[in-house]
Amino acid sequence: MLDGELSRARDGAGGVAFLVGEAGIGKSRLAREAGARATAAGMVVLRGRAVQGGAPVPFRPLAEALHSGLRDRTHDDPALAPYRPALGQLVADGAGASHQQASPLVLLEAVVRLLRSLAGHRGLLLVLEDLHWADADTLSVVEYLADNLASEAALCLGTVRSDEPSSAGTLVDALAGRRAAAAIALRRLPPAEVAEMVAACAPEAELTAVGREVLERRAEGVPFLVEELLSAALARDGGPVSERLERAVPVSYRELVRSRLARVPAEARRTVQAAAVLGRGFDWTLLPEIAGLDPRDVLGALRAAVDAQLVSAGDDETFEFRHALLRESILAELLPPERRELALRAADVIQATRPGLPGELCELAADLRERGGDRDGAFRLLLEAGRRALARAALATAEITAERARSLGEGDPWSEMGADLLLAEILSLAGKVDRLREVGAEVLETAAQHPFSMGSPARQASVHLRIAQGIADAGDPEAAEPHVQRAAALAGADETAAIRLEALRARLAMARGDPEGAASSAARALNAAERAGLRDAACRALLVLARAALER
């Protein structure tokens, strides 16, 4: 099936396909095989992976894939010039990123144009693994690709777990239901195929009927467990493989991991536990301080973990756990206080050694703080992560992050206001008017009780103006009016605020059914906005003038 999808992509009829199945069923292995075949056929192959964690990282798998595609090649396509600002936001590291707002739609189309450019005449395969952990903005890009790659020489291949509910699973069902994407379901292996896999993995292992029965019963047809249990048996000394298998097979996968941990030195156990807190893939240079070990001891511990088949090492000094289940099992072996202590220590190390928290580190540190019970620290980091997501036009991720920050700051009016100010801006841009009305009412109430919690008068005016604009765009002038009045009172002699208010008043007049008054107000706003170079206000004024002309 994948050969057919790759062939169609090379012929310019690409699309999106998903490998769907439970953990350990072979999704990643099959995706690697598809990548190898695509490479052999001369196609460009890009790879990225979503990661498990509480704080979503906007566009994480896409950014990783695009970095992998552009790292070793010079790519200067003039056709991409209009999309470079949007693409720059997609792969920005977040630290010190501009908060200039960008259009999510432009970013979606920018991804399609970049894939088209990279594919050229050879074709391209974009592999996005573990989409069940992906942020909402990545999934919106995948959905857009499903509707826009049919005439491109590019195939997007995603892997999704079926044994846990996720937004990605819902998306797969929806896209497959309307035939916009192919969903390839991977099932457990029957006994005959388990035997075939054993023969391929360990040709020297001549299993008895009892050994085969034990393997089939314990692995239950899950390829990853077949391989891990067979590996555990081969690692033991003495007796035929069948006997070793019977002795090595634990009653659960967690016990298999526990037995491997027992075979490595104490330093290695401390190291892999510290690494498990960081994620499936981890920066090993953080581990010495987290684990309280010398860097040379950490390297020796990682060697022991690799030999025990807990961790795999890449060619570029990267390390990751061999499977997500391994990391989950190692974390499960820790007591809750141990997990909290490790999480807080890891957050301290990251913030002390990585100034500005570039890339995904802000979200990771926020997640670690939250897991460690540090609500205030997690709140501050989530707020910064939300601002960075907003700057990258990742509105869905920004909204989720801001809402999580607000829940952590609940009960503290200053924290609630900080989250509400960010949330109002996000909701206004996303067009989520009902929730914006709720947040707007909460902002007015908090501002009345704690007038200085919103910062300077200019900042307060800007917030009320943003809320009013979002509500006005939904055609509800009455709900917007209190915020307009507050913005006007706070703006004072601020010319920029006055111009934007004039454009907004024109919009509200139009919504009230007064096209003549709206046109007069819009004309004044347009002249002032053009003189001041306020393109957003000029755009709003022009739209009102167009609507008024249509009415006439």
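Ile330 lies in helix H16 (residues 324–332); helices (H or I, at least four residues) and strands (E, at least two) are DSSP runs, numbered from the N terminus. The model is predicted, so local features need pLDDT of at least 70 and side-chain atom pairs count only at pLDDT 80 or more, while totals for chains, interfaces and linings use all residues. Residues are numbered from 1 along each chain as its sequence is written, and side-chain values use heavy atoms, with hydrogens and water left out.

Ile330 is buried, its relative accessible area being 0%; buried means under 20% relative accessible area, exposed over 50%, and partly exposed in between (1.4 Å probe, protein chains only). Apart from neighbours within four places in sequence, Ile330 is in contact with Val257, Leu261, Val272, Gln273, Ala276 and Phe321, where contact means heavy atoms within 4.5 Å. The C-alpha atoms of Ile330 and Val277 are separated by 9.3 Å, although the two residues stand 53 residues apart along the chain.

Attention now turns to the sheet. Strands of a sheet pair through backbone hydrogen bonds, either parallel or antiparallel. Here 5 strands form an open sheet in the order S2-S3-S4-S1-S5, with parallel pairing; two strands pair if DSSP finds at least two bridges between them. The edge strands, each pairing on one side only, are S2 and strand S5 (182–185). From one strand to the next, the twist averages 20 degrees. S2 and S3 pair in the parallel sense over 6 bridges, and Arg49 stands opposite Glu129 in S3. Helix H2 (residues 27–40) lies across strand S1 (15–21), S2, S3 and strand S4 (154–161), and runs at about 165 degrees to S4. Axes are lines fitted to C-alpha atoms, for helices over the stretch in contact, and angles run from 0 to 180 degrees between N-to-C directions.

Helix H5 (residues 104–119) brings the reader back to S2 and S3. Its buried residues include Leu107, Leu108, Val111 and Leu115. What covers the buried residues of H5 includes strand S2 (44–49), helix H3 (60–70), helix H4 (84–90), strand S3 (124–129) and helix H6 (136–148). Just after H5, Gly120 takes a positive phi of about 55 degrees.

A further helix pair is H21 (residues 413–430) and H23 (residues 457–473), which pack at an angle of about 30 degrees with their axes 9 Å apart. Leu421, Ala424, Glu425, Ser428 and Leu429 in H21 meet Arg459, Val463, Arg466, Ile467 and Gly470 in H23.
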